[in-house]
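User: I am new to this structure and would like to know what lies behind the terms used for it. Could you take me through them one by one?

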Amino acid sequence: MAGRLDGKVAVITGAASGIGEGAARRFVAEGASVAIGDIQDDKGEALAAELGDAAIYVHCNVTDEDDVAGLIDAAVDSFGKLDVTFNNAGIIGAVGPLETTPADEWLLTMNILLNGVFYGIKHSARVMKPQGSGSIISMSSTAGVLGGLGPHAYTAAKHGVIGLTKGAATELCRFGVRCNSIGAASMATPMVAFALTGDPSKLEETRGMLAEESPLIDRPGLPDDVVNAALFLASDEAGYTTGHNFMTDAGITIGATAGPPGFAEYAPIIKEAGKTGM
C-alpha cells in the first residue's frame with residue numbers, strides 16, 4: 001500500500017542519518033513533504049537534494065529552542081502546513097556509574113533527549129492546535145520502561161519522554177492532535193554499532209550480535225522496524241491512537257528472552273508445602 005502520507009508535511013529531527021534518514025526517505029516515498037533537521041549539515045543537505053522538491057534541510061540543534069522553532073517554521077513556510085513531527089534526534093549520552101557521571105555530560109544528555117523533545121512538542125502544538133489536526137511522535141526506548149537497559153541519563157530521559165508524551169496527549173487531544181512515542185530496543189544503527197563494537201560502520205557485525213540476543217529467533221532489530229512504527233503513527237491509520245508508547249522490542253519488556261521461558265517443559269502441578277501432582 002503506497003501513498004499512506006499523501007499530501008502530508010512532516011518535520012523529522014536527527015534526519016540526516018540512521019533512523020531519521022530512513023524515516024525521511026520512507027515518508028517521502030509515501031507521499032509526504034519533509035523538513036529534515038540535523039546538525040550534520042553535509043549529510044542533511046545531500047539527503048534533501050537527493051529527495052528533491054519534497055524535502056528541505058534546516059540546520060537544527062535540538063538543545064536550542066530557537067533552532068527547533070525555526071525548523072517548524074521552515075516546514076510551514078515551505079510546504080504550507082505541518083501534519084507530523086517526529087522527534088527523533090538522539091545520542092547515547094553520559095555513561096558509567098552515578099558517582100563518576102559529570103554534571104555537564106548529564107545535562108547535555110537531558111538537553112538532547114528530553115528538552116529537545118519538549119521543544120519539538122511545544123512548537124508543533126502552536127501550529128497544530130489552530131489547524132485542528134496533527135501527529136507528534138517522539139523516540140523513547142525500552143530504557144524508558146525498564147531500568148538497567150541503558151545508561152542512567154539515557155534511562156531518565158527516555159522515561160521522561162513517555163511521561164511528557166502522555167501529558168501532551170491529554171492536553172492536545174481536544175484539538176485533534178495526537179501524541180505518541182516509540183519504545184525501541186537496540187536497532188542495527190551506526191549509534192548502536194559504535195556502542196557494541198566501537199565502530200559505527202560495523203553494521204553487519206551488529207546485526208549478528210543483536211540477532212543472537214533477540215527473543216525473536218535470529219531476528220535483529222532493524223531501523224525499518226522503527227520507521228514502520230513511525231509511519232503508522234504518522235498516518236491516518238492511527239487516527240484513534242494517542243498517548244501510546246508503541247513498543248518495537250521483540251517482547252523484551254514483557255520478559256521475553258533469547259532462551260526458553262521458565263517452566264518450558266511439562267512437570268506435575270506444584271501445590272502447597274512442596275506437594276506435587278493431582
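User: What makes strand 5 and strand 6 a pair?

Analyst: Two strands pair if DSSP finds at least two bridges between them, and strand 5 (residues 134-139) is joined to strand 6 by six bridges, with the two running parallel. Strands here are DSSP runs of E with at least two residues, helices are runs of H or I with at least four, and both are numbered from the N terminus. Within this pair, S135 stands opposite R178 of strand 6. This is a predicted model, in which local features need pLDDT of at least 70 and side-chain atom pairs count only at pLDDT 80 or more, while totals for chains, interfaces and linings use all residues. Residues are numbered from 1 along each chain as its sequence is written, and side-chain values use heavy atoms, with hydrogens and water left out.

User: How do you know which hand the crossover from strand 5 to strand 6 has?

Analyst: The chain leaves strand 5, passes through helix 5 (residues 152-172) and reaches strand 6. A crossover is right-handed if, with the strands pointing away from the viewer, the path from the first strand over the helix to the second runs clockwise, and this β-α-β crossover is right-handed.

User: Why is strand 6 called mostly covered?

Analyst: Buried means under 20% relative accessible area, against over 50% for exposed and partly exposed in between, with a 1.4 Å probe and protein chains only. In strand 6 (residues 177-184), eight of its eight residues are buried. In a regular strand the side chains alternate between the two faces of the sheet. Both faces of strand 6 are covered, with V177, C179, S181 and G183 buried on one side and R178, N180, I182 and A184 buried on the other.

User: What makes strand 7 a partner of strand 6?

Analyst: Strand 7 (residues 245-248) pairs with strand 6 in the parallel sense over four bridges, which meets the requirement of at least two. One of the residues involved is N245 in strand 7, the bridge partner of S181.

User: Why are strand 3 and strand 7 said to stand at the edges?

Analyst: The open sheet has seven strands in the order 3-2-1-4-5-6-7, with parallel pairing. Strand 3 (55-59) and strand 7 each have a single partner strand, so one side of each is left without a neighbour in the sheet.
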